[in-house]
Amino acid sequence: MAVHKSPGGQMTRDRYAELTRILEERRREIMDQVQEKIRDVRTESPNSPTQGVLDAAESSEADIQDEIEFALIQMKSETLHKIEEALARLEEGTYGNCFECGDEISERRLRALPFAVRCKDCEEAREIAERRERQLSQRRSAGFLIDLN
């Protein structure tokens, strides 16, 4: 199922409004989650009187938890950026077109991942290429280590 476009290739007004609503709703959800995480981190800071004195293991565990929380906030921030870019593409009329092949991204894919920039086939090809590159890089590193011995 492709993005609904009029015979001239333009997205219908209803479809545009629906996509905008989906993206903005997703943006609000993520913003709320990020703000909640930030509030949680502030209220659970090590300087908080409710924390008391932590031993080394508790302190280490708290540091790991803080790093996880920071990573989650960072991931959500990246997702927000992707949503902002999708809204900009929607505004300029390029939303729903694959960056690689130019074909329309399926409606099903856009519903699942409303900020997708590639169709399923191009995304899979990109992931396979990245995996091959990582494997080659690991082989080169392993070969380099073997040559040193």
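Biologist: Which side chain does the side chain of Arg-118 make a polar contact with at 3.4 Å?

Modeller: That is the side chain of Glu-123, and please keep in mind throughout that this is a predicted model. A polar contact of 3.2 Å also joins the side chains of Arg-118 and Glu-100.

Biologist: And where is the place of Arg-118?

Modeller: Arg-118 lies in the loop between helix H3, which covers 107-112, and helix H4, which covers 120-148.

Biologist: Does Arg-118 count as buried or exposed?

Modeller: Arg-118 counts as buried, because its relative accessibility is 16% and the cut-off for buried is under 20%.

Biologist: Switching to the surface, which residues gather in a patch of negative charge?

Modeller: The residues that gather there are Glu-29, Asp-32, Glu-36 and Asp-40. Of these, Asp-40 sits in helix H1, which runs over residues 13-43, and with a relative accessibility of 32% Asp-40 counts as partly exposed.

Biologist: What about nonpolar residues, which ones make a surface patch?

Modeller: Ile-64, Ile-68, Leu-72 and Met-75 make a nonpolar surface patch of about 350 Å².

Biologist: Where does Ile-64 belong, and why does Ile-64 count as partly exposed?

Modeller: Ile-64 is placed in helix H2, residues 56-92. Its relative accessibility is 47%, so Ile-64 counts as partly exposed, given that this class lies between the buried limit of under 20% and the exposed limit of over 50%.

Key:
Residues are numbered from 1 along each chain as its sequence is written. This is a predicted model: local features need pLDDT of at least 70, side-chain atom pairs count only at pLDDT 80 or more; totals for chains, interfaces and linings use all residues. Side-chain values use heavy atoms; hydrogens and water are left out. Patches are made of residues with over 30% relative accessible area and no salt bridge: like charges are joined within 9 Å, nonpolar side chains (Val, Leu, Ile, Met, Phe, Trp, Tyr) within 5 Å. Accessible areas come from the Shrake-Rupley method with a 1.4 Å probe; for residues, only the protein chains shown count as cover. A salt bridge is a side-chain nitrogen of Lys or Arg within 4 Å of a carboxyl oxygen of Asp or Glu. Lys and Arg count as positive and Asp and Glu as negative; His and the chain ends are not counted. The place of a charge is taken as NZ of Lys, CZ of Arg, CG of Asp or CD of Glu. Helices (H or I, at least four residues) and strands (E, at least two) are DSSP runs, numbered from the N terminus. Buried means under 20% relative accessible area, exposed over 50%, partly exposed in between (1.4 Å probe, protein chains only). A polar contact is a pair of N or O atoms within 3.5 Å; within protein, one must be able to donate a hydrogen and the other to accept it, and residues adjacent in sequence count only if both atoms are side-chain atoms.
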